[in-house]
Amino acid sequence: MEKHWKSVISRSVCDYFFEEQKKITSPIDMPPVLATPHHYLITIFRCNMYFVAVCTTEVPPLFVIEFLHRVVDIFEDYFGECSETIIKEHYVIIFELLDEMLDNGFPLATESNILKELIKPPNILRTIANTVTGKSNVSCTLPSGQLSNIPWRRSGVKYANNEAYFDVIEEVDAIIDKSGSTVSAEIQGYVDCCIKLSGMPDLTMTFVNPRILDDVSFHPCVRFKRWESEKVLSFIPPDGNFRLISYHISSQSIVAIPIYLKHFISFREGRLDITVGPKQTMGRQVENVSVEVPMPKAVLNCTLVPSQGKYSYDPVSKVLQWDVGKIDPTKLPNIKGSISLQAGSAPIESNPAVNVNFTINQMAVSGLKVSRLDMYGEKYRPFKGVKYITKAGKFQIRL
Amino acid sequence: MTDAKYFTTTKKGEIFELKSELNSDKKEKKREAVKKVIASMTVGKDVSALFPDVVNCMQTDNLELKKLVYLYLMNYAKSQPDMAIMAVNTFVKDCEDPNPLIRALAVRTMGCIRVDKITEYLCEPLRKCLKDEDPYVRKTAAVCVAKLYDINAQLVEDQGFLDQLKDLLSDSNPMVVANAVAALSEINDSSPSGAPLVEMNAATINKLLTALNECTEWGQIFILDSLSNYNPKDEREAQSICERITPRLAHANAAVVLSAVKVLMKYMEIITDQEFVSVLTRKLAPPLVTLLSSEPEVQYVALRNINLIVQKRPDILKHEMKVFFVKYNDPIYVKLEKLDIMIRLASQANIAQVLSELKEYATEVDVDFVRKAVRAIGRCAIKVEQSAERCVATLLDLIQTKVNYVVQEAIVVIKDIFRKYPNKYESIISTLCENLDTLDEPEARASMIWIIGEYAERIDNADELLESFLEGFADENSQVQLQLLTAIVKLFLKRPADTQELVQQVLSLATQDSDNPDLRDRGFIYWRLLSTDPAAAKEVVLAEKPLISEETDLLEPTLLDELICHIASLASVYHKPPSAFVEGRSGLRKALPAKLAGETTTSEAPSSSSSSAPQVIPSQDSLIGDLLSMDINPPAVIQPAQPAPFGGGVDLLGGGLDALLDVGVGNTATAPPPAQAPMGGGLLGDIFGLAPSTTTYVAPKTLWLPAVKGKGLEISGTFIRKNGQISMEMTLTNRAMQAMSGFAIQFNKNSFGVIPAQPLQVPSPLTPNQSCDVSLLLNTSGPVQKMDPLNNLQVAIKNNIDVLYFAALIPLHVYFTEDGQMDKRIFLSTWKEIPTQNEVQYNLSNMTHNSDTVVQKMQQNNVFTIAKRNVEGQDMLYQSIKLTNNVWVLTEIKIPPGGSLFTLSVKSVTVDVAPGVYQAYENILRS
């Protein structure tokens, strides 16, 4: 599928891409920027698909990459998921969307709020209604919010129940070495919102400890000046779901590591023994724990006994997956057993690194806490809720 | 019911069927048909045959259908230009539609139809739309101007659209401003002249900054990019722009962040307030780190840019080493970039961490990555001397793993470590030798052989080892063959007793059995060397090796500066200037603005004035600024403005008068005015310089040939440079008892190729006790051979008695040519290009000069002052010299106020000339 915004470029330009694709072993290894004699191919890999942008002139590649990601975001927003079949099924809408999003290489509207006013997302009811009435899902009027000073919010929003939910999500990215000491650890945090408020609400969010946040990126709706001066988030929110801020707590500050792994693995003896336990969790339960061990190529199979949860070993991708579930601090989950190696294979020197996933509810590992949320500009009293979740991001333990 | 069905039609006569459907009366059917057409179009089928039928559907009230038809038109209008005319009417009508959405859509689509005939009709509606009451239409129209410019630039200029576009910059709606900026920058980029069509000034910049806060993220990128092309007129302006941009660093959109970084990096060059710069530097680090936690594609681009930033300003990220640690599931392209940056950031403070990480990586699965990690360990050893021992230990550990490619890679880097730190880690050689058999890659084999050859005296069985390599000599890669040949010769020179056979064997293999000319030549050279003069062979083969540099892949500073201007763009990903790979981009290269903004900023256009024209130097401040950033340890605080005497006005006057003087005296066309002498001194200087004709400093005559050695002939003499020619002034005295006659002279080959330009004319006979003065003109077109010392000249004089030999030293200053004035720009780039180890420092003590007399004095001897500045009361002079053999010498003199101890730094591609240059300075200044 292709769409041109300037002069038409022949499809053959993609051949360079396919050639490159043949060279790589894993789809994620596709280089994001490819130069061909006349064009530049900028690629992202998402949802098991490549999205390729072809440019003829010098452009900021990040601009294109961001835009492509935005396109996929919008598709996901419109269709629930993004896959080859979905795109084929809705290609007309997709074309209309792309047309609205970009003109002559300049992005137009990329806020899903506005796009949804221009082009209605598909649903079964509307499809039927459209077939009956002969209407289409393309709006004939210009969206009101598009050119106002707050392009992210449409006017005239009305809800019977006015609600505002905030999720403080923190992902711990860490590398832990063999002995259990932290090589690097950082926190990637987000405040995601689901706002269903009528009219033009003006919100302020204050934190108990805003000093933690030294490296923050904001949604355009946040008033930067107030943050600078008072460390208060003041904003007129978009309607619906969006990410208010994302922040980064760098490796220089001390990050609490909520989980530890006791492990013994020896390929020579063919033995493996892993125990997982909670570390600094402020008394909260660690849930959805899973452990993923990419094994060396020579490992044929693993016969293990987990004390809880299930395990599987995929002999093709050589990945051992152990879904642990919750951790009961009184009885630590353990998995042990034997590994069988291919006969006659060379002794394995390198040890694998383990990926760990977990979730801890009601806790933000950085200690960030919202102290209050106020609304101005509207008269009603909204329902407000804040939720904290800590998750594993790229949490790796070297064995 | 989904749209997927449109893709599935595979019937025969599809086109025909679609045609009838398109012409159907039912609206519903028509619409379905158009959808099918579009579906076929997008998968690459040719449906252009349906053009008239589709265009017929254009006049509809249904917006969806209209959009689809427009989509079709954009694709096929070019192939059917005549048919496309049919659509024009509808377009024009749509541009008048009451619905702004339709007006905008029409303008947008018309711009995408690249048919000349249609563009003519486009002008009127476009003009209207640019003034439309609805901002949505205006912003679409702004983009359309850029499209039109791409199709027909002349038309846009003729119709005055550019001015209208400029007006839009002050539009009340920020989106319109952003799009106008985007359109203008695109037009500027593609303009054939390369010169910007719309100049930025403070007022427009202000508007842009206001719009920056209000427009969408994409608009912000365009605005930031055009800000980066603007050169602020003074430091204050740069600071205030920086302050207004810094909030963009906290934007969620990575592209906005990186564009903001670009502007800041560029403006930081202008700002001299160190505190302000360090605050900015601190603010830059977090956003860059944040970029690394986004999608891998973003990470990659960010890393490539960070690579540049780290080279330019290593301080920014020096504490952030940990974020560059590699995760095993990073895509390979991210891993490799991270590794690169880790090495750049490696320092004594963090080397332990880095090494343990690198060791970890060396056990990973991905072969390419592992190799690079091993190499990285070697580079750390070379970069951070204190860590070398630890690095070597790590490498030894890795060799013990016996993983084939790790061992090979390790041996290659160990070779480099040996070269950097000779005679320090030889104890590990035995371990290396254990792995000899596993090496199968040419580079590793060659490295191992080099090591054996280099340390042959410490390896007892070196001969056996090399002999074992020799068995398969013919099958080896040429790299290995060459190395093996050299190694065996080295071995022979160190242990001649028992390796004669071996060396003969390899020489015969190299010279007789090989087809490789390089190998054969090297073989023959060794052979001849060994057979004629083993001592010389020893000197050649076992010569001291030049040191290897610390960082191998640093970008050269000028390129780096240019790339810094292109942060966030493709150029920054490729690390090449855009002119190197973007088509049709004429020369306009961006340059970092010069530090220390005085009154003018660097002009983009290179000055093309010829060297004979009087050169006024208006922008020396820029030169001085850049000089500051060179490796001459700039002082912490830089004075914000030039002291008054050296300001532009006086300089203009001085230069002008000097030029007048030149013309008035009419003596030397080539003597450029002294760069900066305050009026009086300059005037005097020139009068003195010009009065006697242009003889340079004359050294007193020295006795070259005493009578005892010259069989009664005594010669003393000196060399001078007069009117652009070198001549040899000699006094010949006959101290013998008989008359002399039949004089002739000949020179041996020498460093500068000096030969007599005329025969030696001595009045003959030269009677006893008579002496005569002879002047012999020389030129430098003779054969060249490097002498030691460099300025040594061996002379043979013949007369009726005998042939007499003597040596004379030619003072270097006679080689200084009259056209030695370097362009400032070239001076600057040359200064940077010459590596620091080529810089030699001397002290000139007991000097009684001030900077002005130095300028003047040196100028008379063809040493040209390029720039002069004053740092903390010290005068700094930058001078250029060109030698007759086209070697350029750049010098810097530090003159403390009232002091007598000057510091002279000499920089040249050939370091050998430095002592001579120093001597010349010494002589000239003392004369």
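A polar contact is a pair of N or O atoms within 3.5 Å; within protein, one atom must be able to donate a hydrogen and the other to accept it. The views below show a predicted model.

**View 1. Polar contacts between chain B and chain A.** By this rule, 12 residue pairs are in polar contact across the interface of chain B and chain A, with both residues at pLDDT 80 or more. On the side of chain B that touches chain A, 54 residues are nonpolar, 20 are polar and 25 are charged.

**View 2. A salt bridge between B:E217 and A:R70.** The side chains of these two residues meet with an N to O distance of 2.8 Å. Across the interface of chain B and chain A, 3 salt bridges are found.

**View 3. The contact surface of the two chains.** Chain B gives 99 residues to the contact and chain A gives 94 residues. Between them the chains bury about 8,300 Å², and 59% of this lies on carbon and sulfur atoms. The residues of chain B that lose the most area to chain A are B:W218, B:Y328 and B:L570, together 9% of what that side buries.

**View 4. The largest nonpolar core.** This core has 266 residues, and A:F75, B:Y72, B:I245, B:L317, B:F324 and B:F418 have the most contacts inside it. Another core, of 71 residues, lies apart from it and includes A:I249, A:L373, A:I397 and A:L399. In soluble globular proteins, nonpolar side chains tend to be buried together.

**View 5. Surroundings of A:F75.** Leaving aside neighbours within four places in sequence, A:F75 is in contact with A:F51, A:G80, A:E81, A:C82, A:I87, A:I94, A:L97 and A:L98.

Terms used. Residues are numbered from 1 along each chain as its sequence is written. Chains are lettered from A and ligands numbered from 1 in the order in which they are written. This is a predicted model: local features need pLDDT of at least 70, side-chain atom pairs count only at pLDDT 80 or more; totals for chains, interfaces and linings use all residues. Side-chain values use heavy atoms; hydrogens and water are left out. Contact means heavy atoms within 4.5 Å. Buried area is the accessible area (1.4 Å probe) that two parts lose on being put together, summed over both. A salt bridge is a side-chain nitrogen of Lys or Arg within 4 Å of a carboxyl oxygen of Asp or Glu. A polar contact is a pair of N or O atoms within 3.5 Å; within protein, one must be able to donate a hydrogen and the other to accept it, and residues adjacent in sequence count only if both atoms are side-chain atoms. Ala, Val, Leu, Ile, Met, Phe, Trp, Tyr, Cys and Pro count as nonpolar, Asp, Glu, Lys and Arg as charged, and the others, Gly among them, as polar. A nonpolar core is a set of buried Ala, Val, Leu, Ile, Met, Phe, Trp, Tyr and Cys residues joined through side-chain atoms within 4.5 Å. Buried means under 20% relative accessible area, exposed over 50%, partly exposed in between (1.4 Å probe, protein chains only).
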